[in-house]
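Colleague: I would like to learn how to read a structure of this kind, feature by feature. Could we go through it together, with the general idea before each case?

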2 protein chains.
Amino acid sequence: MKFVLVFLFLFFNSYSFAQPNNFVQDSIVLDKFKAYTLTESVCYYDLQNLCKKIGHRISGSTAAAKAVEWARQVLINAGADTVYLQPVMVPHWVRGKEDVILNLKNKKKIKLNPLGIGNSDGTNGKPVSAPVVMVNSKEDLEGLQPSDVKGKIVFFNHVWDQSKANPFHEYGGCVYYRWAGPSLAAKYGAVGCVIRSAGSAYDSFAHTGSMRYDSAYPRIPAMALSYKDAVFLEQLINKKEINQLTINSTSYMDAEVLSYNVVGEIIGTELSNEIITFGGHLDSWDVGEGAHDDGAGVVQCIEVIRAIKNARVNPKRTLRCVLFMNEENGLRGGKEYARLAKQKNENHICAIETDAGGTSPRGFNFSGTEAQRNKVKSWLNLFYPLGVYDFEEEGGGADIGPLKENKVTNAVMGLFPDPQRYFDLHHTHNDVFEQVNRRELSMGAVAMTMMVYMLSEYGL
Amino acid sequence: MKFVLVFLFLFFNSYSFAQPNNFVQDSIVLDKFKAYTLTESVCYYDLQNLCKKIGHRISGSTAAAKAVEWARQVLINAGADTVYLQPVMVPHWVRGKEDVILNLKNKKKIKLNPLGIGNSDGTNGKPVSAPVVMVNSKEDLEGLQPSDVKGKIVFFNHVWDQSKANPFHEYGGCVYYRWAGPSLAAKYGAVGCVIRSAGSAYDSFAHTGSMRYDSAYPRIPAMALSYKDAVFLEQLINKKEINQLTINSTSYMDAEVLSYNVVGEIIGTELSNEIITFGGHLDSWDVGEGAHDDGAGVVQCIEVIRAIKNARVNPKRTLRCVLFMNEENGLRGGKEYARLAKQKNENHICAIETDAGGTSPRGFNFSGTEAQRNKVKSWLNLFYPLGVYDFEEEGGGADIGPLKENKVTNAVMGLFPDPQRYFDLHHTHNDVFEQVNRRELSMGAVAMTMMVYMLSEYGL
């Protein structure tokens, strides 16, 4: 693309904050946030440090403990008025050595590259070998004869539907097999469970994530296969070349560990008892570096504090950055935060989460009253020049869900970044710092800062 | 991010094509395009082939000739009713061995990693050594005494303004120094010109692109430095550690070469003499693989043909995919296309260009009458579920500019993808296939197909 087009752009566009009069002063402040975060800020280098110096950080791990101390320090340096930890007991799932081996009828053995599904029991290092039964859906499985499943390993070969414009609308359907598939298979007598990854990439990275055992059924081992491994297995099954599958794993759920939410606040100058919570989660899965999920959200929330302090503005309400622990496999941090807020009878105006990746921001989803939504929508012109245009979707976030459930607040929001790359990466070895673009990450931080500030000044 | 949030999304959202009645039938067709391109199509693999089997392809090169034959064949395979070539003579700039060497006062020499600015003359391999004078702007240079510049090498150290939300709004300002800087320096007696790259990345990839010599002044050599090299040079100049700069280059402008625009059409069933042109450019700079610029646009335009043919619909008007040659350093293809269209007195309804990268589509910029714009905007609901929301900007494209200048059409449009990553990559060694995401590229192709189809059915 040459600059001829660009001159045309420039000629006809200012992209300045053309605003209704009442937001003129705000737009000057918001512009300061933007200029700072896009130019001088260290938001992107925060992410680099978190990803490269600490790396992945599953709840209960040494890395998660390091991340807590790192976040506390970075929040202090960012200028928060007060920084503190909220203790919370978290599960500690430990990934061991994991194998899925195809035992072919021609006596050959082929090792795949699986990822055990998070929270699942291993096999104590004792191989579980059985014939495999492949199904595409829950309904397929339920339509089988008991003898077709009993004593076998079920392969949920549920295929990601690429045709959806928004991959988040597909994830919910696919992830069922990861979350509930193992116990569904066990219900029908299966001795093991293998799933096709709940992700959108056509690659060799298996996609882990949370599952839960139904206490009514045996706790069978559960593994996720990458797209390529799943297609390979499907082909071999269709050609009837497989004798048995072997699952072997030393993964296990360890004892619970004391961990922390990390909280940093800017105390409101006029309505300090009115709180705006905004957060992401500090823990990650135990593969990759948790860059998009949710290192990006963590550093964006820290940036809100830094950008507001840098602009030397004094927000009316109290702004509370909460870096939650254990979103991925227990939600203990989110639950504990809501319990404490309820117990202290805190007055929460709104809670915002950023946990959908570090790509360009496109909007905020929202759950609350129509009047509240309309108030947020009245600010749309301030956000539009950033490419943040969509305030229509219902939403919120996992960690702030308990705040709404416990009626601590009735308004929850979630930053909505461009969704196309997220499920190519998240919960895989491929969710690393290099996958995050500096400008995209920073634009998300700017959108968060702007929204938090407007909520601080105008409430809901 | 866990699936709790996603269930919430799913619960409240359908993201289906909720349409005013008159577009119900269209939305069914558009949905077919989307499903096909996002799932079955080979659009992404077209880009892989273009990038990996042919690679970069500057006008007049053997690779550009290969790209012409490749594109012709792919358009035939995509199902175009007719495919033909439009001959056009193009310049052939040849990059040679290029050096920028810092000669320090302590006698050390440091080699940088420059890229010669496209179209510039080299030094015939004879080093040009001179003291360096650093300026940040045109005004800085014009404020100097003649003796400060005469016989020296001018370093335009103009810094990319990262604070702009849309990097396209910055490019126009920065690129002035690449395009006109060398002759401006020569006007004041400089013997060489070095510029800080007109790009947004903080990295070591220099950014090439087009320049033009003003015939009134000597044709001095011109080099671009990466962000890191430019900062390094700036620091050494400020510390007064530099004695001289040496520029050495064997780059040159070769004789013109016969090349081609590649055209593929679907002939309209009802109004075949009414033409909708849509295109990208087949040539690229001679570094990287021209993946975002403009391999992405090329394969998206081919996909328009393929998706429409796959859906077995018969567009009313004639759809003409034009893969232009020589956008980057001459615009010969765009000019020749417009000349022929004018000569044949063709009836062009609208022209659309996709030449701003293969990221997620966000809108279409538009130049035409207000009534035309309103017609396009009346289709917005069809595009909104794709995240394509912005039809407000003025725009068009370089290759289709001559169509408008020659009054062949008065309506031009450009696909507007998310702009954040583009200037980190384009015109550098880093603009490679791996930088393009399959879903993002395909979403852009879907948006293009939808727009072309709507124009075909409803005109402007």
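Colleague: Let me begin with one residue: does A:Gln86 count as buried or exposed?

Modeller: Please keep in mind that this is a predicted model. A:Gln86 has a relative accessibility of 5%, and because buried means under 20%, A:Gln86 counts as buried. This residue lies in strand E1 of chain A, which covers residues 82-94.

Colleague: Which residues does A:Gln86 touch, leaving aside those up to four places away in sequence?

Modeller: With those set aside, A:Gln86 touches A:Ser259, A:Tyr260, A:Asn261, A:Val263, A:Tyr337 and A:Leu340.

Colleague: How should I read a salt bridge, and how many does the whole structure hold?

Modeller: The idea is that a side-chain nitrogen of Lys or Arg lies within 4 Å of a carboxyl oxygen of Asp or Glu. A search of the whole structure finds 50 salt bridges over all chains. One of them pairs A:Glu142 with A:Lys138, where the closest N and O atoms are 3.2 Å apart. Both residues lie in helix H5 of chain A (residues 138-142), four residues apart, about one turn of the helix. A:Glu142 counts as partly exposed at 34% relative accessibility, and A:Lys138 is partly exposed too, with a relative accessible area of 26%.

Colleague: Which parts of the chain does the salt bridge between A:Arg332 and A:Glu256 link?

Modeller: In that salt bridge the closest N and O atoms are 2.6 Å apart. The pair links distant parts of the chain, since A:Arg332 is in helix H10 (residues 332-343) and A:Glu256 is in strand E11 (residues 252-266) of chain A, 76 residues apart. A:Arg332 counts as partly exposed at 26% relative accessibility, and A:Glu256 counts as partly exposed at 41%.

Colleague: What about A:Glu392 and A:Lys377?

Modeller: Their side chains meet in a salt bridge of 2.7 Å, N to O. Here A:Glu392 sits in the loop between helix H12 (380-383) and helix H13 (401-405), while A:Lys377 belongs to helix H11 (residues 370-377) of chain A, 15 residues apart. A:Glu392 is partly exposed, with a relative accessible area of 44%, and A:Lys377 counts as partly exposed at 29% relative accessibility.

Colleague: Let us turn to the two chains together; how much area is buried between chain B and chain A?

Modeller: The size of an interface is often given as the accessible area lost when the parts come together. Between chain B and chain A the buried area is about 6200 Å², of which carbon and sulfur atoms give 59%. In terms of residues, 69 of chain B are in contact with 69 of chain A.

Colleague: How many salt bridges and polar contacts are counted between chain B and chain A?

Modeller: The count between the chains is two salt bridges, and in one salt bridge B:Glu440 meets A:Arg421, with the closest N and O atoms 2.8 Å apart. There are also 22 residue pairs in polar contact, with both residues at pLDDT 80 or more. On the side of chain B that touches chain A, the elements that each supply at least two residues include helix H1 (3-12), helix H2 (24-39) and helix H16 (438-458). The residues of that side divide into 30 nonpolar, 20 polar and 19 charged.

Colleague: What rotation superposes chain B on chain A?

Modeller: Two copies of a chain are related by a rotation about an axis and a shift along it. Here a rotation of 180° with 0.0 Å of shift along its axis superposes chain B on chain A, with an RMSD of 0.0 Å, and that is the relation of a two-fold axis. The same surface serves both copies, as 100% of the contact residues of chain B recur in chain A. Of the residues of chain B, B:Tyr389 comes closest to the rotation axis, at 3.9 Å for its C-alpha.

How values were computed:
Residues are numbered from 1 along each chain as its sequence is written. Chains are lettered from A and ligands numbered from 1 in the order in which they are written. This is a predicted model: local features need pLDDT of at least 70, side-chain atom pairs count only at pLDDT 80 or more; totals for chains, interfaces and linings use all residues. Side-chain values use heavy atoms; hydrogens and water are left out. Contact means heavy atoms within 4.5 Å. Buried area is the accessible area (1.4 Å probe) that two parts lose on being put together, summed over both. A polar contact is a pair of N or O atoms within 3.5 Å; within protein, one must be able to donate a hydrogen and the other to accept it, and residues adjacent in sequence count only if both atoms are side-chain atoms. Ala, Val, Leu, Ile, Met, Phe, Trp, Tyr, Cys and Pro count as nonpolar, Asp, Glu, Lys and Arg as charged, and the others, Gly among them, as polar. Buried means under 20% relative accessible area, exposed over 50%, partly exposed in between (1.4 Å probe, protein chains only). Copies are superposed by least squares on the C-alpha atoms of residues with pLDDT of at least 70 in both.
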